[in-house]
Amino acid sequence: MFFYTFLPKLLNMSLTASVAIVCILALRLLLRSAPKIVSYALWGIVLFRLLCPVSLSWGFSLYSLGNAPAADGGVLTSSIEYIPPDLVHQEHPSVALPVPGVGEMVNEMLPQGEEQLVADPLEAPMAIATYLWLAGASAMAGYGAVSYLRLRKKLVTASLLRDNIYRCDEIAVPFVLGLVRPNIYLPSSIPQRELPYIILHEQHHIRRLDPVFKALAFAALCIHWFNPLVWAAFVAAAKDMEMSCDEAVIKQMGEGILADYAASLLSLATGRRIAPGMPLAFGEGDPQGRIRNLAGWGGRKAWLAPLAVLACAGAAAVLLTNPIALGDHTVLVDSDFFAHTNRLTYDVQLGKHITGGTIQVEQWAGGTCVKSEPMAMTQEVDSVAITMVEQYQGSTPVGTSVQIETNEPDGNLQAYLPHPDGFSSVGRAFKGYELGQTVELSPGQEVILAAKVYDSGSGIRVFNCETLAAEPERLENADLMVVVRAVFSGESPAS
């Protein structure tokens, strides 16, 4: 089973990260005049999304705007499931991709019903896709490992300059290599006057743990090699890393070194001579773009920095969090209580376990259900509005009109429930859930959404909807009661 669920889970992580990448690329354009350390920090959000399948749940998650399907991931966490992990063996498989129209196109091509359950037609394509992913990830990792070993071979002749700084005749550019105890390697040909700011640049990388970040970023690239947006993010993050390091060096040593610094960048530009994810080389990350960035150093507005930090914090808050995963549920979102009229509106979320159900309008009199009007629900229902209106002859109440409205075509029910002969009402009480109260649903569960109890003169005891559903004797003991009951069908989560 793991073989068929692994790739959907990986694709969900990649799609979730893709949304973050698009947002950060757009925000990066808006922050192009701000310190690059802010743009660089934003890529940490993408790295988290690429490597971690779950995140904290929050009502203000940006993913809520696109109705990203969230699944419970444990205490206060959830995961986004654009593609259900058990897609291969679902009776009615479907996806909810973040690109408008694409999900609908894919769903039209997916097998449904008996064809899907008997023949398992999705198993072979999923297996082939998983093997292709494994081949690509292995090739990427192998390329990185071979490049690393070749580079280590060149460093055999390196001689210690001081501390963790080495000089070597076999290399053409300065770089940092290593994760636990990183070392700085310098070409023997570098002029003495260039050493201070080049060494400072590489030391700044080490202090910020940039080698660790780049190794993790390369690992994410190996895992998500099929996603072009991840490649774009890797390149952009490398540029922001180097630009922010340049800015730190110029800030510390002064603008007087700008000309020499720019000349060193051009002469030591690495191009493609060092593999992605390998050492942090001084000439990496678009040297000409780095020079242009430093050229605008003096013209930046001071107020941009705090504004950029606030934008970064806001982006982290909404992109690092997932929508709240409540599963199958209904919640009261609106209520109106006018004279002789009561109305409740429920938001209904039916997930993969609930496939439909029935809404019934019932009238109980003298301990017996004397009338029941049913209406079928499907998984397309996402709202239910209930309206009860008193009907009079003169000043005497003679019955109740009940209207049920859903968002489905033809999903309406109207029922008139006359009072029994001889029944005289002197008062009534209407009950629903509290505004905003969430009701978790499960297959076979009966939920009372609304109840109106009539007083024939001896007084009435009003019970909340949960109690009425759990204790049927409360209905049987009532002289007269109108109840709206929902019964849900589907497969239990354990099946």
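I began at Leu209, which lies in the loop between helix 6 (195–207) and helix 7, helices being DSSP runs of H or I with at least four residues, numbered from the N terminus. The model is predicted, so that local features need pLDDT of at least 70 and side-chain atom pairs count only at pLDDT 80 or more, while totals for chains, interfaces and linings use all residues. Residues are numbered from 1 along each chain as its sequence is written, and side-chain values use heavy atoms, with hydrogens and water left out.

Next I turned to the inside, taking a cavity as a set of points on a 1 Å grid over the protein atoms alone where a 1.4 Å probe fits but cannot get out, with lining residues having an atom within 4 Å of a point. A volume is the space filled by probe spheres set on the points, which are joined across faces, edges and corners. I noted three cavities of 30 Å³ or more.

The largest cavity holds about 160 Å³ of space, and among its 15 lining residues Phe213, Ala217, Ala233, Phe234 and Ala237 lie nearest its centre. Helix 8 gives the largest share of this lining, six residues, and helix 2 (36–51), helix 7 (210–223) and helix 8 (228–253) each supply at least two.

For the second largest cavity I recorded about 40 Å³ of space, with a lining that includes Thr330, Val348 and Phe488.

Definitions and conventions
On a 1 Å grid over the protein atoms alone, a cavity is a set of points where a 1.4 Å probe fits but cannot get out, and a pocket is an open set with protein on both sides within 12 Å along at least five of seven lines; lining residues have an atom within 4 Å of a point.
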